[in-house]
Amino acid sequence: MELLSNLAIGFDIALSPYTLMLAVIGCFIGTIIGALPGLGPSNGVAILIPLTFTMGLDATSALVLMTSVYYGAMYGGRISSILLNIPGDEPALMTTLDGYPMAKAGRAGDALVLSGVASFVGAFLATIGLMLLAPMLAQVAFLFGPAEYFALYLLAFATLGGMASNNQAKAAIASCIGLGIAMIGVDNNSGLPRLTGGNMHLFDGIDFLVAIVGLFAIAEVFFFIESHGKNTSIGVKLEKVTIPVKDIMESGWTMLRSSVVGFIAGVLPGAGASLGSFLAYMSEKSIAGEKGGFGTGVPKGVAAPEAGNNAAAGGALVPMLTLGVPGSGTTAVLLALLMTLNITPGPMLFTERPEVVWGLIASLLIANFVLLLMNVPMVKIFVKVLSVPPWVLLPGVTMISFVGIYSLSGSYFDLVLMVGFGALGYVLRKLDVPTVPIILGILLGGHMEDALRRAMVLSGGDWKFLFSSGISITLWIVAIVGFVAPMFLRKFLKKPQRITD
Amino acid sequence: MASDRIFGAVVTLVALAYIASAMQIQSSFMADPVGPKTFPILIGGVAALCGIIVALRPDPDPEWPVLATFGSLAVAVVVLVGYAYALKPLGFLIPTAITASILSYQIEPRAGRAVLAGIGLSVGLFLIFKFALGLGLVPFPKSLTG
């Protein structure tokens, strides 16, 4: 019954008119961000963090606002997938496979409503799962010492690099870039500057927000300049929107199964929502078999990835909140938000600041209902957003990024650094080097080194201490398997590429 | 092929330079067993190794844009860096209008619409930031308004 009393605390906070208003605003902005091609959840949340910070919201309010944006963006991603065949974000890629054919067959409205309901089912079940699993995992997390944390951080990099990228060596390079950047600045233990090259601006280190906004938002602008904003406008018309009750009923089990698959994929550190929607789609495809007609525009093919994707988004919050290890690119950005707000995620968060955790969970539940209402009857409003031309949108995004970063420190140095990260992000993405591990490296680098150094202080410099407990050995094994196994599985589990007309 | 070989070589060189500068980190007298050098050197080592692997086993080349596109990307970078320096001394409105127009023109080369987009974004965003979010932005150069 502890769960219920905790939930009561949460709803007490989440149901205050002010918090409720923030949740609604967050959902609205989030859905728009998700729907806009080229602005995914990671970019969107990253650009908004500095602004929330300057608005002077307290920790819980800021967290409620940003997680509503996060959930909203997950819902919104499907709109451009279905209507334009352009995934609004990476996890929505799978939705294009059946969503776009369905829209071309004149059932765009049905596909949007069905995917909205599937998103709701996935996100709702995942939030329940988060509620049940997170406190249990928080208990386990108390057993973690520095050696275990070091192995856990390694596991996050290994699984992220192993599963989410096409080339292990490049993913490892990306992680090293991030970790290397995290080392810059004054060393916590000795108080001496490291790797600053004598530049005073670097003594505080490089702010992760500068890197995130540069790598995600500014790099996107360069991509649009390269493509001249092509392949954005061809779309399918949306006629009238009705509720396809029959399709929803028939996809019921699909949604439930996909939610479970997606949630599990989300909980694995480093795997995230893309893997969730992928696994959900693939497993439903094999259950349906040849006759299922997946890929030709069947309702189940729309429901499965959307339920999986949104369930994974909820699942990814579990390791983020309990262990401080994000499960996806966007949760990495949410972790950045927590760090900006001076909240340290981890088991202590559940005992010391229960109002933050349970307020967050309660507002996620509320946000879900708000999003269902917004995304089913009001979906036409968001479809209008798609007609914002890129030559207005992208300069706008750039300017918002500049103001956000400028408002953090008021120095031109951070802005120049951000442009530098944008250029770096462009080159790296061209070379198929994933950028999420860089973010993760910058965020976790300091903690990872601290864990290693504290472990060595405890053991007096004996390296075997890193492998001394059952938990840490397991984590090391999973890390190595997670990094190496995809090399051999890649032949069998080929990522489906985008279909083109 | 060539891109990845160059990339791998650059990563290896940068990683070696990183290790070299990590060697220079001063230790304090009360150092812990690991010290401030070890972890950076470890990272540099892994990066150098992976750089060599990428250089030896390159992926197929990506589709690089033509030279003219590279030119406009370089222009975009220069404009953005200039904007970063101009924002403080020149106020928000004028640099933002100019930068947004240039970026808009680069995405879709129609001068009239680009200028309109630039001015619209500059004024619109200023109003939102100043009055809806309450950020302390300076609209014009200080020397003009006194």
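How many residues does the contact take from chain A and from chain B? In this predicted model, 54 residues of chain A and 56 residues of chain B take part in the contact. On the side of chain A that touches chain B, two or more residues are given by each of α3 (41-54), α7 (168-183), α8, α18, α19 and α20 (436-459) of chain A. The largest share of this side, 13 residues, comes from α18(A). By class, the side of chain A that touches chain B comprises 33 nonpolar, 13 polar and eight charged residues.

Helix α3 of chain B covers residues 67-90. At 1.5 Å a residue, its 24 residues should span 34 Å, and the end C-alpha atoms are 33 Å apart, which agrees. A bend of about 30° occurs in α3(B) at Ala84(B), and Ala84(B) is also one of the buried residues of this helix. The buried residues of α3(B) pack against α8 (208-227), α18 (390-409) and α19 (412-430) of chain A, together with α4 (93-107) of chain B. Gly91(B), with a positive phi near 80°, follows α3(B).

In chain A, helix α4 runs over residues 59-84. Its 26 residues should span 38 Å at 1.5 Å a residue; the end C-alpha atoms lie 37 Å apart, in agreement with that value. α4(A) has a kink of about 25° centred on Met74(A). Because 25 of its 26 residues are buried, α4(A) is largely enclosed by the rest of the structure. The helix is followed by Asn85(A), whose phi is positive, near 65°.

Conventions. Residues are numbered from 1 along each chain as its sequence is written. Chains are lettered from A and ligands numbered from 1 in the order in which they are written. This is a predicted model: local features need pLDDT of at least 70, side-chain atom pairs count only at pLDDT 80 or more; totals for chains, interfaces and linings use all residues. Helices (H or I, at least four residues) and strands (E, at least two) are DSSP runs, numbered from the N terminus. The expected span of a helix is 1.5 Å times one less than its number of residues. The bend at a residue is the angle between axes fitted to the seven residues ending there and the seven starting there. A residue is buried if 20 or more other C-beta atoms lie within 10 Å of its own, exposed if 12 or fewer, and partly exposed in between; C-beta atoms are placed from the backbone. Two residues are in contact if their C-beta atoms, placed from the backbone, lie within 7 Å. Ala, Val, Leu, Ile, Met, Phe, Trp, Tyr, Cys and Pro count as nonpolar, Asp, Glu, Lys and Arg as charged, and the others, Gly among them, as polar.
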